[in-house]
Amino acid sequence: TRASRTEQIRAMIAEEGLLRTAHHGAGYLAELLYDGWQDLRLGIRTTRRVSTRALGLPSPSSEKYAPSDYRSLRRVLHELDLRPGQDVFLDYGAGKGRVLILAAGFPFRRVLGIELSSS
């Protein structure tokens with residue numbers, strides 16, 4: 001909620017100072033803009049977070065949908081020691097498919113995703 005975000009920001013300012021907090025905020029904004037641009041470029045919509053209730057997953061063990069950022073995903077995928085045409089990529093909890101779309105650009109034999117929610 002907005003009140004809890006305000007409290008988080010206040011706590012961060014108290015702990016790290018105004019300049020470091022502003023720096024974190026600018027980095028977060030840049031990441032959001034970059035991720036939004038990547039979604040637009042790929043023709044997908046994966047940036048918005050979605051609650052478990054909206055996903056139709058009321059189980060307490062379910063998690064809300066929150067995408068991983070593109071830069072981190074690319075960095076991780078580039079670090080893999082792939083055997084082109086041999087390795088299979090499997091994403092449990094594939095969400096809206098952001099990770100799958102990026103993985104499809106790498107030389108995996110097959111890219112698979114499993115997701116419980118149809119939303």
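Which residue forms a salt bridge with Arg-98, and how far apart are the closest N and O atoms? The partner is Asp-35, with the closest N and O atoms 3.4 Å apart. Notes on the structure follow.

1. Basis. This is a predicted model: local features need pLDDT of at least 70, side-chain atom pairs count only at pLDDT 80 or more, and totals for chains, interfaces and linings use all residues. Residues are numbered from 1 along each chain as its sequence is written, and side-chain values use heavy atoms, with hydrogens and water left out.

2. The Arg-98 pair. A salt bridge here is a side-chain nitrogen of Lys or Arg within 4 Å of a carboxyl oxygen of Asp or Glu. Arg-98 meets that rule with Asp-35. The pair links distant parts of the chain: Arg-98 is in helix α5 (residues 98–103) and Asp-35 is in helix α2, 63 residues apart. Helices are DSSP runs of H or I with at least four residues, strands are runs of E with at least two, and both are numbered from the N terminus. Both Arg-98 and Asp-35 are buried. Buried means under 20% relative accessible area, exposed means over 50%, and partly exposed lies in between (1.4 Å probe, protein chains only).

3. Other salt bridges. The structure holds 5 salt bridges. Side chains of opposite charge can pair when their charged atoms come close. Arg-83 bridges to Asp-87, the closest N and O atoms being 2.5 Å apart. Salt bridges that share partners also join Asp-35, Asp-39 and Arg-98 into one network. Back at the Arg-83 pair, Arg-83 is partly exposed at 47% relative accessibility, whereas Asp-87 is buried at 14%. Arg-20 forms a salt bridge with Glu-16, with the closest N and O atoms 3.5 Å apart. Arg-20 counts as exposed because its relative accessibility is 51%. Glu-16 is partly exposed, at 29%.

4. Helix α2. This helix covers residues 18–42, 25 residues in total. At 1.5 Å a residue it should span 36 Å, and its end C-alpha atoms are 36 Å apart, so the two agree. The expected span is 1.5 Å times one less than the number of residues. Thr-21, Asp-35, Gln-38 and Asp-39 are buried in α2. Just after the helix, Gly-43 takes a positive phi of about 75 degrees.

5. Thr-21. This residue of helix α2 counts as buried, at 10% relative accessibility. Its C-alpha atom is separated by 7.7 Å from that of Ile-9, 12 residues apart along the chain.

6. Aromatic pairs. Rings of Phe, Tyr and Trp (its six-membered ring) pair if their centres lie within 6.5 Å; planes under 30 degrees apart count as stacked, over 60 as edge-to-face and the rest as tilted. By this rule the count is 2 aromatic pairs. The rings of Tyr-34 and Trp-37 have centres 6.2 Å apart and planes at 40 degrees, so this pair is tilted. Both residues lie in helix α2, 3 residues apart, about one turn of the helix. Tyr-34 is partly exposed at 21%. Trp-37 is also partly exposed, at 47%.

7. Charge over a ring. The charged end of Arg-71 sits over the ring of Tyr-34, 3.8 Å from its centre. The rule asks for NZ of Lys or CZ of Arg within 6 Å of the ring centre and within 35 degrees of the ring normal.

8. Nonpolar patch. Val-88, Leu-90, Tyr-92, Leu-112 and Ile-114 form a nonpolar patch on the surface, with about 450 Å² of accessible area together. The elements giving two or more residues to the patch are β1 (88–92) and β2 (110–114). The largest share, 3 residues, comes from β1. Leu-112 is in strand β2 and counts as partly exposed at 30% relative accessibility. Patches are made of residues with over 30% relative accessible area and no salt bridge; like charges are joined within 9 Å and nonpolar side chains (Val, Leu, Ile, Met, Phe, Trp, Tyr) within 5 Å. Accessible areas come from the Shrake-Rupley method with a 1.4 Å probe; for residues, only the protein chains shown count as cover.

9. Two loop residues. Phe-106 is in the loop between α5 and β2 and is buried, at 17% relative accessibility. Phe-106 and His-78 are 28 residues apart in sequence and 8.5 Å apart in space, C-alpha to C-alpha. Pro-67 lies in the loop between α3 (52–55) and α4 (70–79). Pro-67 counts as partly exposed, at 26%. Pro-67 and Arg-98 are 31 residues apart in sequence and 7.4 Å apart in space, C-alpha to C-alpha.
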